[in-house]
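In these notebook entries I record what I looked up in one protein model. I worked from pairs of helices to strands and then to a sheet.

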Amino acid sequence: MQAIQSTFDDLGTPLAGVTFVVVDLETTGGTPAQCGITEIGAVKVRGGEVLGEFQTLVDPAEPIPAFISVLTGITDAMVRDAPRIDSALPAFLEFAAGSVLVAHNAGFDIGFLKAAAARVGAPWPGFPVLDTLQLARQLVVRDETPNHRLSSLAQVFGSPTTPDHRALHDARATVDVLHGLIARVGGLGVHTLEELSSYSSRVTPSQRRKRFLADPLPSAPGVYLFKDGNDRVLYVGTSRDIRTRVRTYFTASEQRSRMAEMVRLAHVVHPIVCQTPLEAQVRELRLIDEHKPRFNRRSKDGRKAMWVKLTQERFPRLSIVKQVRDDGAHYIGPFRSRATAQSAVDAVHEVVPLRQCTGRLARRGSACALADMGRCGAPCTGAQSEGDYALVVAECREIFTGNARPGADLLRSRLEELASQERFEDAARVRDRFLQLVRGAARAQRLTPLTRSPEVVAARRSDLGGWELVTIRHGRLAGTVVSPRGADPMPYVESMRLTAEVVASPTPERPSALTEETEILLRWLESPGVRIVELDGLWTCPVGGAGSVRRELEPAVASAHEVAGFDDDVPHPTRPGRPRRAGATTGRAGTPARVSS
């Protein structure tokens, strides 16, 4: 068997092969925007060997404060004939080219160097930076030294150079500190630049030792499943590069505390390569729904969504339900929680005088307080006939399924009334409730046409050329493929359609897909650059529907909340892109677009 040479992408960059330039500065003060550099000292090392040194005094073009001269020993007379920064900085950048910059409290030194580069109009090369102070805080404990100053660490690691606030001396001492820290992390299994840059004491040795789980994974888009020793799925994720993403679970770049426990239990990572990022999103959602992994927080409650129902009875009312049924009633949603669904119900009751009692009106009874307040016509007492109540129900039904503008106008009148009474908090509460209402109604109005369409074929240009082709049937991803750059995509479209999943027509009790999957597909269809290739069905949305009202309300609510200093406690859905046919109310969608190579 022929051995295959691993690449640096696979293995990382060995520390022994990294060129470090350890730099230290002396300055006239502590603010890069207002103070200048008086000295630059640097040492270039690789594999523990010193390759060269750089040192120069710098004329800061301003007097050096007396206390700085006492601290550093650098006086105005010493820098009078020194080069200005516009000469010294390019020389340093040439010395450090292609290296990793290292400094003790790197934010200070690198901040001054960047500010100097901006001042003289020199582009900053974007060096990788390593901070020995941050690394020492994680590796050197209080029992060894009372603090992490350079002078203290130089003693801990036995540096022959004593830091004395002269740039080159301090850089030499920092080199010894760097080598001492690298020796310590080497004993913890850190052997590459990437591992050192992301090192954190929060990452346990056992967590680091499981890096091998990422080795056989492909560098391709798709889904990955962490599994325990009993083949149970612990966690499902998605990435454009599976191998690179899984590696991060064994470094400090993974900040979620529960992931350390997940990695401890993991025995294998199973990859599923996907044709497109869209397919990966959908597969992730389905796998989470199927396996209910204990370490996935999002998407596990997709089947716990709530709907608001306008009941089908003599005097209809609003009800919050967990399931849509084929009973002739009107539904909006789904809502992500009962609280948001209740907000939508409360919003309807603010603008439409529907009855709020929950029982059947079989007998005439006494009117409730809402009737006295003019918030209900009191059909329970016979004061409101069935025909008059039907007009009220029609207003609610229109918000649910058709034109939401009248409801928005009623809301506006209600807000003006509350504002005139200086009840501004009540007005804000009413407005936010109405926003939840139109979000739920808009979601239903946007999703329903897609779930009723037997087939939608769409295409979008791939980042690598060619086309991402997608087949959607009744709101479910049925197939996807990528056509190569320069190839005619239509044969790929036909092949995809013939091999796509057969999806039966959905019923309210048995939808074809999770609502969240249909929302993912809808967002993709509405994203820039997507073309509809073929459409079997009707894809329409009311001109004055809840979606248009929502787009008007959301910016106002976000702006008001920003001014008030608090955030909406309900996540905002991704805003949809431009509709395929602006202004359409009924009828078949526009002419399918032809995609070309």
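**Entry 1: two helix pairs**

At what angle do helix α4 (residues 85–96) and α5 pack, and how far apart are their axes? I noted first that the model is predicted. I found that α4 and α5 pack at an angle of about 120 degrees, with their axes 10 Å apart. Angles of 65 to 115 degrees count as roughly perpendicular and those over 145 as roughly antiparallel, and therefore α4 is oblique to α5. The crossing in which α4 passes α5 is left-handed. I then listed the residues that meet: I85, D86, L89 and F92 belong to α4, and L113, A116, A117 and V120 belong to α5.

I turned next to helix α6 (residues 132–139) and helix α8 (residues 167–186), which pack at about 45 degrees with their axes 10 Å apart. This angle makes α6 oblique to α8. Here, too, I recorded a left-handed crossing, of α6 past α8. From α6, the residues T132, L135, A136 and L139 take part in the contact; from α8, they are T174, V177, L178, L181, R184 and V185.

**Entry 2**

I then looked for the partners of β4. Strand β1 (residues 19–27) runs parallel to β4 and is joined to it by three bridges; in this pairing F20 stands opposite V100. Strand β5 (residues 129–131) is also parallel to β4 and joined to it by three bridges, and D131 in β5 is the bridge partner of A103. I noted that β4, helix α5 (residues 106–120) and β5 make a right-handed β-α-β unit.

**Entry 3: strand β13 and its sheet**

How many of the seven residues of strand β13 (residues 467–473) are buried? I counted seven of seven. On one side these are W467, L469, T471 and R473, and on the other E468, V470 and I472.

Strand β12 (residues 455–461) pairs with β13 in the antiparallel sense over six bridges, and A458 stands opposite V470. The hairpin of β12 and β13 has five residues between the strands, and G465 takes a positive phi near 95 degrees there.

Strand β14 (residues 476–483) is antiparallel to β13 and joined to it by seven bridges. V470 stands opposite T480 in β14. The hairpin of β13 and β14 has two residues between the strands, and H474 in the turn has a positive phi of about 55 degrees.

In what order do the four strands of this open sheet lie? I read the order as β14-β13-β12-β15, with antiparallel pairing. The edge strands are β14 and β15 (531–536), each of which pairs on one side only. Neighbouring strands of the sheet are turned by 15 degrees against each other on average, direction ignored. Between β12 and β15 I recorded five bridges, with A459 opposite R531.

I finished with the helices on this sheet. Helix α19 (residues 490–499) lies across β12, β13, β14 and β15 and runs at about 30 degrees to β13. Helix α20 (residues 515–525) packs on the sheet, touching β12, β13, β14 and β15, and its direction makes about 50 degrees with that of β12.

Key
Residues numbered from 1 in each chain as written. Predicted model: local features only at pLDDT ≥ 70, side-chain atom pairs only at ≥ 80, totals over all residues. Heavy atoms only, no water. Pairing = 2+ DSSP bridges. Right-handed = clockwise from strand over helix to strand, strands pointing away. Axes fitted to C-alpha atoms, helices over the stretch in contact; angles between N-to-C directions. Parallel < 35°, antiparallel > 145°, perpendicular 65-115°, else oblique. Left-handed = near helix turned anticlockwise from the far one by under 90°. Contact = heavy atoms within 4.5 Å. Buried < 20%, exposed > 50% of the residue type's maximum accessible area, 1.4 Å probe, protein only.
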